[in-house]
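Please look through the structure shown here before reading on, and try each question yourself before you turn to its answer.

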Amino acid sequence: MSLRLHLIFLLTLPMLITACKTSPSVTAPSGIEPMTIAIQALTTDKRYSYFELSPNGDLSYGGGFNAINRNAKPVTQLNSEQLFQLQTYINQSDLFTAKVSGNQSRSRSETVHHELQLKVGKRKRNIVVNDDRIPAVARLHDMLFEYYAQARYNLPGIGKK
């Protein structure tokens with residue numbers, strides 16, 4: 001009987017391990033299109049940031065060396081209202097239609113170099129742009145930075161006496 005139980009255990013072990021490794025849901029909340037964002041900002045005065053947003057609202061951030069290497073760590077999960085604000089902004093902006101001309105390599109930037117990978121529903125766009133040639137890119141970065149800052153600086157023990 002004991003051998004039989006061991007065999008059953010060994011046969012079910014791979015299923016148990018797989019179940020434990022299953023990632024959390026990455027579906028968007030009801031009423032929000034699935035949205036994936038990866039945006040990197042590298043300034044000429046050496047301030048670097050990188051954000052990733054998954055469809056379920058998980059926001060990750062990397063700064064400095066991590067931003068250069070696109071290494072972001074989870075910070076918070078945006079709520080439905082925040083995701084709706086992002087979606088509305090993206091849909092009303094020119095992020096899917098703006099044209100960028102000229103050499104947009106990082107070495108050519110005067111203030112900031114942005115690289116954006118954006119997917120909303122079935123629409124996709126990759127943008128590499130310097131300075132303020134597409135203001136909507138900087139605004140999207142600022143929105144994500146604001147959500148990050150709200151989560152980071154509202155942690156228990158920070159800013160309270």
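This is a predicted model: local features need pLDDT of at least 70, side-chain atom pairs count only at pLDDT 80 or more; totals for chains, interfaces and linings use all residues.

Q: Which element gives the largest share of the lining of the largest pocket?
A: The largest pocket is lined by residues that include Ala-41, Tyr-48, Val-112 and His-141. The elements that give two or more residues to this lining are β1 (35-43), β2 (48-53), β5 (112-120) and α4 (135-152). The largest share, four residues, comes from α4.

Q: What is the volume of the largest pocket?
A: Rolling a probe the size of a water molecule over the atoms shows where empty space is left. By class, the lining around the largest pocket has six nonpolar, four polar and two charged residues, and the volume of this pocket is about 220 Å³.

Q: Is Lys-46 buried or exposed?
A: Lys-46 is found in the loop between β1 and β2, and its phi is near 65°, a positive value in a residue other than glycine. Exposed means over 50% relative accessible area. Because the relative accessible area of Lys-46 is 65%, this residue is exposed.

Q: Is Asp-131 buried or exposed?
A: Most residues other than glycine have a negative phi. Asp-131, in the loop between β6 (123-130) and α4, has a positive phi of about 55° although it is not a glycine. Buried means under 20% relative accessible area, and because Asp-131 has a value of 17%, this residue is buried.

Notes: Residues are numbered from 1 along each chain as its sequence is written. Side-chain values use heavy atoms; hydrogens and water are left out. On a 1 Å grid over the protein atoms alone, a cavity is a set of points where a 1.4 Å probe fits but cannot get out, and a pocket is an open set with protein on both sides within 12 Å along at least five of seven lines; lining residues have an atom within 4 Å of a point. Grid points are joined across faces, edges and corners, and a volume is the space filled by probe spheres set on the points. Ala, Val, Leu, Ile, Met, Phe, Trp, Tyr, Cys and Pro count as nonpolar, Asp, Glu, Lys and Arg as charged, and the others, Gly among them, as polar. Buried means under 20% relative accessible area, exposed over 50%, partly exposed in between (1.4 Å probe, protein chains only).
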